[in-house]
Amino acid sequence: MVHENPLHQFTIQRLIPIHIGGVDASFTNAALVMTLAVVLITSFVMLTTRRAALVPGRWQSVTEMLYEFVADMVDTNAGHGAQPYLPFVFTLFTFILLGNLLGMIPYSYTFTGQIIVTFALAITVFIGVTIIGIVKHGFGFLRLFVPHGVPPVLLILLVPIELLSYVIRPFTLSIRLFANMLAGHTMLAIFAGFVVALGIAGILPLAVDVALVLLELLVAVLQAYVFAILTCLYLADALHLH
Amino acid sequence: MPQLDIATFPPQLIWLAITFIVLYLLMAKLGLPRIARALEARRERIDGDLEKAQQMKAEAEAVIAAYERALAEARQQAQQTLKETTDRLNAEAAERQRKVAETLHAETGAAERRIAQAKTAALGNLREVAAEVARAAAARLTGAEIDAGRAAAAVDAVMRERS
């Protein structure tokens, strides 16, 4: 399978066309990988903790470490009172992580390389965090946009800046993940195209691709972590207002 | 760019929502509570063991303290007994010594008195004999019969002079 266009890999294919009331709800290749991610995460968590031993085995330890990693992230970044949101952050982290990692499998599909997917996740975080802030602080939530210890004159300048930096959060959050995935996979595809085109000299782009795969695995983990930790920081803002 | 094909947005969003919500519910209701329970059980077990160890340590310390107290008491009692015995023995020895000294003193006094008596008696006899000798000597030398009283007086005077 050689694609002329390195972006071809991101094409959505409708595997099972479904239309409900004129809305396209087809089961696509992206949906397949999403479902696979859910199945893998759930079965891993459930199977490794099936017999929750007092002294954990190897696999149970992995699950517990993952849990404590996320719990620690929520505790240290979102601070006191953020524990109820641990399941959401855990789901977000593992879902994006699996999305990124499954995308590294050849002929698989990278749903985190879809701007609509990352944006949907980011806007969910943004709206959720804003609602939490308003419910917790009411109108006091607006204090988030007023920096402490600043001369009132400067506030005329700073409040719009704070407001703007708050509003662009869903965009930066979603574009960071999307762009990382897009760039990495496009690079992989471009160099893979050279491998075939250059014949015997194709060994060079192949070596580059091997190195890129390792880099992309790192990026896959790192970007899932960044997404989750930024969610925690936004949560901290909503809960504690700086 | 396939990512900007708006026609693909609805199926992606629908399946994203389905899978994400399903995963959230599975984790929130089943997976995470199970992990949390295992961690909690372990933490409780460890805390319980630590507490038990603490308790046992306290007990051991109490036993050691009691043992040391008993030891100190025994030592003190031994010292007391030793002191009492020493005192008693010292007192007895002093008493015996005092009695012996008294007896010796009394005997010495009696002996001295006897010696004094013997001496007086001896001196008395000596005076009579001396007076007799003096009279006999005077009669032999001068032929004069010396009165016994005078001879005695003369002897007395000489003895007083010499003694």
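In which helix do B:Arg43 and B:Glu40 both lie, and how many residues apart are they?

Author: B:Arg43 and B:Glu40 both belong to helix H1 of chain B, where they sit three residues apart, about one turn of the helix. Helices are DSSP runs of H or I with at least four residues, strands are runs of E with at least two, and the numbering starts at the N terminus. This is a predicted model, in which local features need pLDDT of at least 70 and side-chain atom pairs pLDDT 80 or more, while totals for chains, interfaces and linings use all residues. Residues are numbered from 1 along each chain as its sequence is written, chains are lettered from A and ligands numbered from 1 in the order in which they are written, and side-chain values use heavy atoms, leaving out hydrogens and water.

The two side chains form a salt bridge, with 3.0 Å between the closest N and O atoms. The term requires a side-chain nitrogen of Lys or Arg within 4 Å of a carboxyl oxygen of Asp or Glu. By this rule there are 12 salt bridges over all chains. B:Arg43 is partly exposed at 45% relative accessibility, and B:Glu40 is partly exposed at 34%. Buried stands for under 20% relative accessible area, exposed for over 50%, and partly exposed for what lies in between, with a 1.4 Å probe and protein chains only.

Helix H1 of chain B also holds B:Glu102 and B:Arg98, four residues apart and separated by about one helical turn. Their salt bridge has an N to O distance of 3.1 Å. B:Glu102 is partly exposed at 47% and B:Arg98 at 42%. Both belong to a network of salt bridges that links B:Glu95, B:Arg98, B:Lys99 and B:Glu102.

A salt bridge in chain A joins A:Arg169 to A:Asp237, with the closest N and O atoms 2.5 Å apart. A:Arg169 is in helix H6 and A:Asp237 in helix H7 of chain A, so the pair ties together parts that are 68 residues apart in sequence. Both A:Arg169 and A:Asp237 are buried.

Helix H1 of chain B also takes part in aromatic pairing. Over all chains the structure holds 14 aromatic pairs. One of them is the edge-to-face pair of A:Phe88 and B:Phe20, at 5.8 Å centre to centre and 70 degrees between the planes. This pair crosses between chains, from helix H3 (residues 86-103) of chain A to helix H1 (residues 9-142) of chain B. Rings of Phe, Tyr and Trp (its six-membered ring) pair if their centres lie within 6.5 Å; planes under 30 degrees apart are stacked, over 60 edge-to-face, and the rest tilted. B:Phe20 is buried, at 9% relative accessible area. A:Phe88 and B:Phe20 form one aromatic cluster with A:Phe95, A:Phe111 and B:Tyr24.

Apart from neighbours within four places in sequence, A:Phe95 is in contact (heavy atoms within 4.5 Å) with residues including A:Met34, A:Phe111, B:Leu16 and B:Phe20. A:Phe95 is also among the residues with the most contacts inside the largest nonpolar core, which has 68 residues. Such a core is a set of buried Ala, Val, Leu, Ile, Met, Phe, Trp, Tyr and Cys residues joined through side-chain atoms within 4.5 Å. Helix H1 of chain B is one of the helices that each supply at least two residues of this core. The largest share, 12 residues, comes from H7 of chain A.
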